[in-house]
Every structure is written in C-alpha cells, then in structure tokens.
Amino acid sequence: MTYVTPTVSPAIHADLSSRQVRRGQTLYYAGDSSPSLYRLESGLMRAVRLTPQGRNLTVRHIHPGDIFGEETLHGLSRAHQVVALTDAALTPIHPEHLSAAELWDLTRSLSAQLQRMMTDGVHIQDGDLRERIARYLLNLADSTLGGQHADGARYVRATHELIAEGTGATRESVSKLIGEMRDDGLLLPAYRCLTLIDEARLKGLSGYHG
C-alpha cells in the first residue's frame with residue numbers, strides 16, 4: 001500500500017514547543033481530556049482500543065505528517081490510547097484560530113487517514129490469519145518500523161504481540177504461524193525483528209499491491 005502524506009502548511013498555528021515521546025511511551029489514554037490536536041513530525045505511533053475480551057487492538061497507525069487527536073474538535077475526551085512505536089517528535093496544534101487554508105490542510109490529513117484506516121480495517125478482517133500477517137508485515141515494512149539489511153532484504157522491527165494487535169489475533173496464534181512461515185522460507189524471525197526472506201511470495205500470499 002502506498003500512502004502519500006498530504007502537505008500540511010508549516011504556518012499552521014501550533015504550540016512552538018514540540019514534544020518528544022520515547023518508543024513504548026503513551027502520549028495519552030482513552031478518557032483523557034483533549035486540549036489540542038497533534039501533528040506527528042517524525043516516528044510512528046498507533047492508536048489502541050481495548051476490546052470487550054480484554055485484548056488490545058491497533059485501530060490506527062499514525063505516520064509523519066498526520067494530524068490526529070481530532071476529539072478536541074468536538075469537545076470530547078480521548079477515544080483511544082496513543083502509543084509510540086518508535087521514538088517520535090510531535091507538535092501540539094491549537095485549532096481555535098486556524099485560517100481557512102489551514103483548516104483545509106487539517107481536513108485533507110484527516111480524510112487521508114480515514115481512507116487508510118478503512119484499508120487497514122479490510123486488512124484485519126479479510127482472509128485467514130496467515131494472509132493477514134503477511135499483509136501487515138508488508139505494510140509495516142513501508143513504515144519507519146521497516147529497514148533493509150546490507151544484502152537488500154527488508155525487515156520489520158515488530159514483536160509477535162504487536163502483530164497480533166494489528167491483525168485482530170492472539171499472540172499465541174501469531175507465534176505459531178510465524179514459525180510455520182519461517183519453516184516455509186518466507187520469514188526469518190529474530191529478537192523483535194522479522195526479515196522478509198521471500199517478499200514476492202509474501203505479496204502473493206497477502207494480495208498486497210504496494
């Protein structure tokens with residue numbers, strides 16, 4: 001999946017003190033007050049919802065350039081917990097005095113994220129778990145969690161728990177299938193890292209068109 005971040009005017013009214021969030025830290029929790037929007041300047045974050053079964057489910061990935069925290073526009077408390085998947089920098093945005101052009105930039109960012117969320121929702125629901133894992137890993141490989149070894153093979157820095165929360169599965173089911181995908185020569189698991197050994201077969205398995 002290819003995602004082009006909409007251009008956001010640097011003149012958009014923002015708190016000049018940008019925030020730094022370390023990997024694994026929570027920016028805010030569901031139920032917190034929502035005094036501002038945020039623009040992610042660098043890194044990768046995710047919004048998490050607790051299911052009735054007590055499991056975390058990733059409902060949204062937040063990429064550089066994305067504006068989020070839109071609950072503040074409605075005077076609502078935060079709907080999700082937002083956690084940094086990597087070290088991240090972000091800027092608070094106070095919407096009270098946004099110009100028409102800046103509001104248009106905000107609208108475009110939220111619209112693009114909505115389209116991406118709908119695609120990600122299909123990724124979670126469509127196909128068996130093996131297909132969903134392949135699709136999710138290829139998606140993450142295109143984010144700041146991805147990287148490339150010296151031999152050209154791409155990898156994803158992700159735990160089995162993160163993959164489970166991104167595919168609507170249990171960690172035990174994900175671990176079992178990753179072991180099978182390793183045995184089939186698709187992946188090479190290491191500590192918090194999965195190398196995509198046969199990316200062409202993974203794309204065929206997933207129906208990925210990125």
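**A quick tour of this protein chain**

In the protein chain, 71% of the contacts with a separation of 6 or more are between residues 24 or more positions apart (a contact means heavy atoms within 4.5 Å). What you're looking at is a predicted model, where local features need pLDDT of at least 70, side-chain atom pairs count only at pLDDT 80 or more, and totals for chains, interfaces and linings use all residues. Residues are numbered from 1 along each chain as its sequence is written, and side-chain values use heavy atoms, with hydrogens and water left out.

**The overall picture**

- You'll find five helices and 12 strands here; helices (H or I, at least four residues) and strands (E, at least two) are DSSP runs, numbered from the N terminus.
- Of the 210 residues, 47% are buried, meaning under 20% relative accessible area with a 1.4 Å probe, counting protein chains only.
- The accessible surface is about 10500 Å², and carbon and sulfur atoms hold 53% of that (areas come from the Shrake-Rupley method with a 1.4 Å probe).

- Strand β11 (residues 187–190) runs antiparallel to β12, joined by four bridges; strands pair if DSSP finds at least two bridges between them.
- L187 has L196 of β12 as its bridge partner.
- Two residues sit between the strands in the β11 and β12 hairpin, where R192 takes a positive phi near 55°.
- Strand β10 (residues 154–156) is also antiparallel to β12, with two bridges, and Y155 is partnered with T195.

**A four-stranded sheet**

- Another group of strands makes an open, antiparallel sheet in the order β1-β8-β3-β6.
- Because β1 (19–21) and β6 (67–68) are at the edges with a single partner strand each, one side of each has no neighbour in the sheet.
- Strand β3 (residues 37–42) pairs with β6 over two bridges, antiparallel, and R39 stands opposite I67 in β6.

**Two packed helices**

- Helix α2 (residues 129–141) packs against helix α3 (residues 160–167) at about 110°, with axes 10 Å apart.
- That angle makes α2 roughly perpendicular to α3, a label for 65 to 115 degrees.
- On the α2 side, L129, R132, I133, Y136 and L137 make the contact, and on the α3 side L162, I163, G166 and T167 do.
- Those contact residues split into six nonpolar, two polar and one charged.

Methods:
Buried < 20%, exposed > 50% of the residue type's maximum accessible area, 1.4 Å probe, protein only. Axes fitted to C-alpha atoms, helices over the stretch in contact; angles between N-to-C directions. Parallel < 35°, antiparallel > 145°, perpendicular 65-115°, else oblique. Nonpolar A, V, L, I, M, F, W, Y, C, P; charged D, E, K, R; others polar.
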